[in-house]
Amino acid sequence: MHLVAIGGSDAGISAALRAREVSPGCEVTVVVADAYPNFSICGIPYYVSGEVTHWRNLAHRSIFDLEAIGMGLRLQTTARRIDVAARKLLVTTPDGRGELLAYDKLVVGTGAVPVRPPISGLDGPAALGAGDGVHLLHSMGDTFAIMRTLDTASPASAVIVGAGYIGLEMAEALVARGLKVVQMEQLPEVLPTVDPALGALVHAQLAGHGVEVLTGTAVQAISPAPAGGQARLRVEAVTAGGDALTRDVDMVLVVVGVRPDTGLAADAGAELGFKEAIAVDRGMATSLPDVLAAGDCVVTHHRLLGENYLPLGTTAHKQGRVAGENALGGNREFAGSLGTQVVKIFDQAAARTGLRDHEAAAAGLDSLTVASEADDHKAYYPGSHRIAMRFTGDRATGRLLGVQLFGHRHAEVAKRIDIAATAIFHGMAVEALSDLDLSYTPPLGSPWDAIQVGAQAWTRQARLR
Ligand SMILES: Cc1cc2nc3c(=O)[nH]c(=O)nc-3n(C[C@H](O)[C@H](O)[C@H](O)COP(=O)(O)OP(=O)(O)OC[C@H]3O[C@@H](n4cnc5c(N)ncnc54)[C@H](O)[C@@H]3O)c2cc1C
């Protein structure tokens, strides 16, 4: 049995690791376009900030570790074409030669590529790029390009286009490096994956750390700054009210999301699904025989919404593991995502799981969202913090649909969202959260945990209506 995995990030490596685990005798080859297998790209902002002191520290495992597990790594090797009938993969080797790799099972883990929005100056033959101080961010290669700009051009200021979680993490990283940061977001509030009420708290946190936050601001053009000025680049934008605004800065980072990288699988005839991601069943099989796929390149099964596209590292690891096991004859299913995520913004953290009202409505559910607050631990013990919470439940059944939290980074926001994610995963009613036997000691919690306080606030409101 020869398993070939394409892609050396979360999905491809997880598939390869699982295959070796369930069948230590199987031959596993991982084809990786770059030289950085099993790197934690989620950690890039912390390398840029300087908190992670060397890029090599971002590796989940070293090449030596991976090879010791029995993985054949083909680095700087790009998969070009899948011959499904012959079960052969055409690759280009580092010296530019074509080579055919025979496989019994193939796992496609080509991931995602950053979206290049329609901004003048980003496209066309005269497009500005890393050499001009204009960057996108997804890979280790992109990271090295950003570090080159930071180290050689010593920029004093930057515009970050986009205020999703990566944009926020990078704002913090660049502030840590002493840059004056302007964050431009075309939507009305930052971190649009949470309700604007919590987004506003994130906004205040950014502003409190000196970031100029311009929401409702669509970037139209990036160009070289006029000669004679101090800055390198000019960013032109228009506000929701139609006013033009300009910022001259030394560096621009465009982080407005990703799209699935599906060319290879689609050219081989694989069906595409939601948002043009590769269609897979719950066992991660594609429509092509002996070809599985996982991670940011595939459609995500959402436990409450069905077919969706939620590119996240946690999901890519789980799907890759399922694909690796099933490639060797297993019968696993990806249990589904709830879109659970958390982001640190300076001293605070914002998290969400499950659905917000508009998503519940799109799924045909009659939801209610209730805002509340609670202390992370007993207020009489020093260092307590308030947590802002938003609970969303189904009015008809009382089922918990979603939770959003915002609070201090030491207020266990991440672990509290995980309680909510576990409850939603198991279909619990909001009211039933109060029955959970959660831990308590005054320096770390309260007899009713914050999550239970939020659940009780929701239940009270739901009864009133
Ligand atoms: C800055 C940043 C921060 C993030 N933070 C978080 C976080 O905190 N939490 C979270 O859950 N997620 C986070 N993510 C998202 C997470 O990193 C991705 O969801 C995850 O890496 C997806 O893994 P993947 O294996 O599907 O694809 P990718 O990571 O996109 O990797 C694709 C792999 O395929 C290779 N490849 C592509 N085409 C070919 C080809 N033709 N031949 C050979 N190889 C090929 C690439 O070189 C790469 O190795 C973050 C992402 C970024 C960029």
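Trainee: How many Å separate a nitrogen atom of the ligand from a polar backbone atom of Ala 33?

Mentor: Good place to start, and keep in mind that this is a predicted model. Two N or O atoms make a polar contact when they lie within 3.5 Å. The pair formed by a polar backbone atom of Ala 33 and a ligand nitrogen is at 3.0 Å.

Trainee: How far is a backbone N or O atom of Gly 313 from an oxygen atom of the ligand, and what share of the ligand's accessible area does the protein cover?

Mentor: The backbone atom of Gly 313 is 2.9 Å from the ligand oxygen. On its own, the ligand has 990 Å² of accessible area.

Trainee: Which elements give two or more residues to the shell around the ligand?

Mentor: One of them is a strand, E4 (78-83). The others are helices: H1 (10-22), H5 (165-176) and H8 (313-327).

Trainee: How do the residues of that shell divide by class?

Mentor: The shell has 31 residues, with Ser 9, Ala 11, Ala 79, His 138 and Asp 296 coming nearest the ligand. By class they are 15 nonpolar, 12 polar and four charged.

Trainee: What is the volume of the second largest pocket?

Mentor: Its lining has 16 residues, including Glu 412 and Arg 416. These split into six nonpolar, five polar and five charged. The volume of this second largest pocket is about 260 Å³.

Terms used. Residues are numbered from 1 along each chain as its sequence is written. This is a predicted model: local features need pLDDT of at least 70, side-chain atom pairs count only at pLDDT 80 or more; totals for chains, interfaces and linings use all residues. Side-chain values use heavy atoms; hydrogens and water are left out. A residue is near a molecule or strand if one of its heavy atoms lies within 4 Å of it. A polar contact is a pair of N or O atoms within 3.5 Å; within protein, one must be able to donate a hydrogen and the other to accept it, and residues adjacent in sequence count only if both atoms are side-chain atoms. Accessible areas come from the Shrake-Rupley method with a 1.4 Å probe; for residues, only the protein chains shown count as cover. Helices (H or I, at least four residues) and strands (E, at least two) are DSSP runs, numbered from the N terminus. Ala, Val, Leu, Ile, Met, Phe, Trp, Tyr, Cys and Pro count as nonpolar, Asp, Glu, Lys and Arg as charged, and the others, Gly among them, as polar. On a 1 Å grid over the protein atoms alone, a cavity is a set of points where a 1.4 Å probe fits but cannot get out, and a pocket is an open set with protein on both sides within 12 Å along at least five of seven lines; lining residues have an atom within 4 Å of a point. Grid points are joined across faces, edges and corners, and a volume is the space filled by probe spheres set on the points.
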